[in-house]
There are 2 protein chains.
Amino acid sequence: MKLYEKVAHAIAERIEQSFYQAGEKLPSIRALSLAHEVSISTAQEAYRLLEDQGWAESRPKSGFYVINRQKAPQQLPDLSRPTQRPIEVSQWEEVLSLLSASTTPNLVQLSRAIPDLNAPTLKPLTRILSDLNKNAHGSMLSYEALRGSDGLRLQVARLMVDSGCRLHPDDIIITAGCQEALSSSLRAVTKPGDVVAVDSPSFYGSMQAIKAHGLKVLEIPTHPETGVSIEALELALEQWPIKAIQITPTCNNPLGYTMPVEHKKRLLALTARYDIPIIEDDIYGDLSYTSPRPPTIKSFDTEGRVLLCSSFSKTLAPGFRIGWVAPGRYGNQVMHMKYVVTASTPTITQLGIAEFIAQGGYERHIRKVRAQYHQSRDVMIGWVEKYFPQGTKISYPQGGFLLWVELPDDIDTITLNERTMTKGVSIAPGVLFSASGKYRNCMRLNFTDKSSEKNENAIKLIASTIHEMVSELKQQPHMITI
Amino acid sequence: MKLYEKVAHAIAERIEQSFYQAGEKLPSIRALSLAHEVSISTAQEAYRLLEDQGWAESRPKSGFYVINRQKAPQQLPDLSRPTQRPIEVSQWEEVLSLLSASTTPNLVQLSRAIPDLNAPTLKPLTRILSDLNKNAHGSMLSYEALRGSDGLRLQVARLMVDSGCRLHPDDIIITAGCQEALSSSLRAVTKPGDVVAVDSPSFYGSMQAIKAHGLKVLEIPTHPETGVSIEALELALEQWPIKAIQITPTCNNPLGYTMPVEHKKRLLALTARYDIPIIEDDIYGDLSYTSPRPPTIKSFDTEGRVLLCSSFSKTLAPGFRIGWVAPGRYGNQVMHMKYVVTASTPTITQLGIAEFIAQGGYERHIRKVRAQYHQSRDVMIGWVEKYFPQGTKISYPQGGFLLWVELPDDIDTITLNERTMTKGVSIAPGVLFSASGKYRNCMRLNFTDKSSEKNENAIKLIASTIHEMVSELKQQPHMITI
């Protein structure tokens, strides 16, 4: 541990022990330097780290303050209880309706998983892209290599070191976002009619890919803090001819948990026993609130059994459509799928992102947004606890910018969303995250935006709509939910 | 016919009748205006049209000259004779090797279908993209609508009027190049195991998509001037359970023909009788040497049976990865495939291309490159006739920038390519365009580049390598080709 990390750690401990209270002013940089007998610059570094980790915030011309850290929510969602047999995925109409709604102007969009796109730390990237486009000609306008640009694959390989992966750039294939990575991986390791096991609730995009490929899905019970139940998965593997496992073990979408390292290792060992591949979606991994970020399952994989899928859509911006896959032993099949589906990935965008990472812009941006999301998570949890009805259960995300909320049983969030949409606020109904229409009383909320009155009002609006629905239900005791 | 078109037509007729000889100076603008009793600006317009149509070229400070127009090649390839039953597609290794070679530096690449990327008429587009990127934020960095940007779909709908299509922007889905359009269309209308009929030789990208989707292909005999044989297709439809037809009827890749309008109509009527969809690849359609460009099959389709696929990869540049599909009655299935595979198409690129078209830049660029390709086709045919061995058969492209060459039977173009590659020149071996390893003695050559010594030398090098191979074969009369 470096000196500034020690100092930061000491302060963090005191905040945790309530020695410094939420909202209280922390010692000045000079005071800290004196107290710990370190240089001014070390004290500054320590505060930078405390900011990054979400313990402290700086207020201009005033100093550093303890962040109003929200405690874990009082009630977490229960272990999920999805259907215990392979089924076909439905819900395409619901997904389409979510996607279409997101083009409505002036909507407060808490529905889609879009990161903060107005962060000033993205500016250097758009400037690089502007310069590259200015005089682009010849090979810059041509097909990039099928596998992706050399420069970008090198940078991705370097980034992945943080997650414990030691990969050669040739182990990586650049894709049209994480969606192409997931979709190509699925098709590379399965045949129509096969069964794929997933965590549940699960990202609707990968479930729709499962549907499109003519596969069946087996949803595995999942814990809101530790992820997919290894025991349940083991039973499922004994019982069903599962051909692949598709999960998001780090900063999960939608539940926000990060699976403990021991669970990740057990999962890998289990799949080795059954000789099946894991498609690991790591798209939110770099947005973990802890630093260094948690390791991927891929980082423990010595057999090339894990296809790691990720992208810059959540860390930078989704409009670029740049993702990647490290397909392990399935490289040739994934390349074929990549070729027949998109032939190659946009050239200049790859060059631009590679340059941005090389210049250190990626790391700077991630540090900023990670602290921002950590902070806005707590604000959002605070609002939901304050305004939503009693009995509401809330996830406690360890990274990313998505909150999962479980309402009282009778509240249908499709109806809720229809009502809030008319008032300018959208949510993601829970049913999208199930293959079979479960989670009807759940929703996912985006908390990227720094705390603002606009967002608090949106949460109040959702809350009051829920209260309306609750009292309507009470007035109709003869209505039975079918 | 407008006045300037009449004047241009009169001049073109005289060139055709050898009243003006190849390379001869044409009347000055003033002389033309006096002779035809038209204004100076009408005379100028007439010469602009003659340039666009490839009859004349302007030489700076000198005037207009008759282009050295090549006559049709002496010997066209024969009607193709592919395997007469549904088969699985192979050749993935060969395609991969072609794609990988194209990243070799300093290679004279006659192998891949890449347009001229140094045309000055592309500059306004890269400038627009540079400006858009400069201050990009918020929604410009977010997911574009699944269907594609409103602005780009409007412009595409307008462009398609030239090909006889009257479409609403909502009839169009923007894709990651034509490859995603073709691939999504195929998956939307077939199930694994189905049989798809194709023209033959056929674009390797769509055949690899057929392979990836677990489909079988039935290659239909194809005429080098009129395209897929309607009679052969009719017989095939009687005999096999064909579920879709995938063809490139306008400025075909690799043969260069444009199917006559009457054939297009007959083909459409035939599929109506069997109630099967046509996947029409129109990627080279706007590069037809005739103006206005030929109509698509889609333009005659009143039943939504045709899925029209295209892109800007051959008309502008492939590095943008922007294409589209007008899927007719199969819209919902194609949207689902689009969603699960790429989720959306890069945002800023769509905005930029839409702006470029709206400003008239697309039309200006197409006029220039069309004339250029028309001219370089003739130069390339001249070289091949001059340097290649007797008995060589050559296609006579009606648009685009690709030439198909059929060598004496014994020459294997995979070997030929291996040899020319060591000397810095690549060709596309014919075998890539067959599902089953036919066309071993054929190749496809790119003629985008304006005539240059570098290209003439490349053709000479290919020719001398062929002559080498011919004499090696003569010296080994005991060798039997298996």
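Analyst: **A loop residue and some relatives**

Ala343(A) counts as buried, because its relative accessibility is 13% (buried means under 20% relative accessible area, exposed over 50%, partly exposed in between, with a 1.4 Å probe and protein chains only). Keep in mind that this is a predicted model, where local features need pLDDT of at least 70, side-chain atom pairs count only at pLDDT 80 or more, and totals for chains, interfaces and linings use all residues; side-chain values use heavy atoms, leaving out hydrogens and water. To find your way, residues are numbered from 1 along each chain as its sequence is written, while chains are lettered from A and ligands numbered from 1 in the order in which they are written.

So where is Ala343(A)? Look in the loop between α11 (331-342) and α12 (347-358) of chain A. Most residues other than glycine have a negative phi, and most peptide bonds are trans.

Now hop over to chain B. Tyr439(B) isn't a glycine either, yet its phi is positive, about 60°. Tyr439(B) sits in the loop between β16 (428-429) and β17 (442-446), and it is buried, with a relative accessible area of 13%.

Next, the peptide bonds. The one from Asn253(B) to Pro254(B) is cis, with omega near 10°. Asn253(B) is in the loop between β9 (242-247) and α10 (261-274) of chain B, and Pro254(B) is in the loop between β9 and α10 too. At 3% relative accessibility, Asn253(B) counts as buried. Its side chain makes a polar contact of 3.0 Å with that of Arg444(B). (A polar contact is a pair of N or O atoms within 3.5 Å; within protein, one must be able to donate a hydrogen and the other to accept it, and residues adjacent in sequence count only if both atoms are side-chain atoms.) Leaving aside residues up to four places away in sequence, Asn253(B) also touches others, including Phe203(B), Tyr284(B) and Phe433(B) (a contact means heavy atoms within 4.5 Å).

There's another cis bond to look at, joining Ser200(B) and Pro201(B), with omega about 0°. Pro201(B) belongs to the loop between β5 (195-199) and α8 (204-212) of chain B.

Definitions and conventions. Helix = DSSP H or I, 4+ residues; strand = E, 2+ residues; numbered from the N terminus.
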